[in-house]
Amino acid sequence: MGFAPDNLTRDKFLDGRLMLAQPATGYRAATDPVFLAATVPAVAGQSVLELGCGAGVALACLSRRIAGLDLHGLELQPDYAALARVNAAENGLSVTVHDGDLAHMPAALKAMSFDHVIANPPFYDDGAGTSPRDAGKARAQQQSPTALADWADAMLRRLHPRGIVTWVHRAEALGDILAALAGRAGDVTVLPLAPREGRAAGRVIVQAVKGAGGPLRLLAPLVVHNGAHHGAADDGFSPVARGILRDMAALDLRSARQTI
C-alpha cells in the first residue's frame, strides 16, 4: 500500500517553509489548498477538520501559519491518507489523518466536533468531460451530481454551533453551495478567485457560520496573476496572491474592513 518512491515528487510550498511529497502522476495540489488555508480564521487552541484532505497540503499550510491547532483530516483514498501522515511527520507537524468517507466516517471522528471544517471537494461531475487517466486523480476530481449537498451536510454536522465552514470550489458551483448551506449556515462571505485582471473568476472561496443569520457578502475578486493574459511582461503572482502563497499571509474574509 502506498505510492512507489519513483512516483513521488517533493514540492515546495510557502516559499520552502514546507516540503511536501505528492504523486508525480496522480492528483497534485496547486494553489487552491494554500488559498483555502489562508482564509481559515482559526486561533491557537481551536480544532480544524478537513474533509478530503488528500496529501495534507491545506492542513500543512494551516499548521505552519498558526501554531497550537488541533488538526484532523479525513481521506477516502488510503494512499493519499498515508502520504498526508508522512508529510505531516516529515515537516514536524501534528495532524491526525483518518481513513474513511463522508458517508462512513470512523466512529472516533463522528464523536467529535470542531471549531472549523474546511474542504476542497471534487470539482467535476462523473462522466463530464475527459476523465483523468490516473485512477486516484479521477477519484479526487470527480463527484456525483448530488455530492455538494452531501459535503455540506457532513461539514455542518462536524461543526460546533457557530463554527465556521470554509470551502473552495468552481465558480459555477456557487449556486449549489449556497443552496446547500441555506437555513443551516449564514453570514456567508464569497471571495471570487480570478486568474488574471479582466478574466472571469474560475474559483470561489465560500465561508459561513453554522446557525448564524446575516446578509451574504460578495467580495471583490482576488486576482491571482499579474497581466491580462499569459505571456505578459510581468507574468508572476499578484502582490496579494504572492503574500499568501509565498509569505504565509492570512486572508481575513470575516472582517468588515476586508479589501483585496
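Student: What is the nearest side chain of opposite charge to E50, and how far away is it?
Tutor: Keep in mind that this is a predicted model. The nearest side chain of opposite charge is R65, 12 Å away. A salt bridge needs nitrogen and oxygen within 4 Å. E50 is therefore without a salt bridge, although E50 is buried.

Student: Where is E50, and what does E50 touch?
Tutor: E50 sits in strand β3, residues 47-51. Leaving out residues up to four places away in sequence, E50 touches L36, A58, L59, H72, G73, L74 and I118.

Student: How do you know that the span of helix α3 agrees with its length?
Tutor: Helix α3 covers residues 78-90, which is 13 residues. At 1.5 Å a residue they should span 18 Å, and the end C-alpha atoms are 18 Å apart.

Student: Which residues of α3 are buried?
Tutor: Y80, A81, L83, A84, N87 and A88. They cover an arc of only 160° around the axis, so they lie on the same side of α3. In general, an α-helix has 3.6 residues a turn, so residues three or four places apart point the same way.

Student: Why is Y80 called buried?
Tutor: The relative accessible area of Y80 is 3%. Buried means under 20%, so Y80 qualifies.

Student: How many aromatic pairs are there?
Tutor: One. What makes F3 and Y80 that pair is a distance of 5.0 Å between ring centres, and the limit is 6.5 Å. Their planes are at 85°, over the 60 degrees required, so the pair is edge-to-face. F3 lies in the segment before β1 and Y80 in helix α3, so the pair ties together parts 77 residues apart in sequence.

Student: What makes R203 and D32 a salt bridge?
Tutor: Their side chains meet at 2.9 Å, N to O. The cut-off is 4 Å, so the pair counts. R203 is in strand β11 and D32 in helix α1, so the bridge ties together parts 171 residues apart in sequence.

Student: Which residues are linked with D153 in a network of salt bridges?
Tutor: R157 and R184. The closest N and O atoms are 2.8 Å apart for D153 and R157, and 3.2 Å apart for D153 and R184. Both values are within 4 Å, so both pairs count as salt bridges.

Notes
Residues numbered from 1 in each chain as written. Predicted model: local features only at pLDDT ≥ 70, side-chain atom pairs only at ≥ 80, totals over all residues. Heavy atoms only, no water. Helix = DSSP H or I, 4+ residues; strand = E, 2+ residues; numbered from the N terminus. Buried < 20%, exposed > 50% of the residue type's maximum accessible area, 1.4 Å probe, protein only. Lys, Arg positive; Asp, Glu negative; His and termini not counted. Contact = heavy atoms within 4.5 Å. Expected span 1.5 Å × (residues − 1). Arc of directions from axis to C-beta. Phe/Tyr/Trp six-rings, centres within 6.5 Å; stacked < 30°, edge-to-face > 60°.
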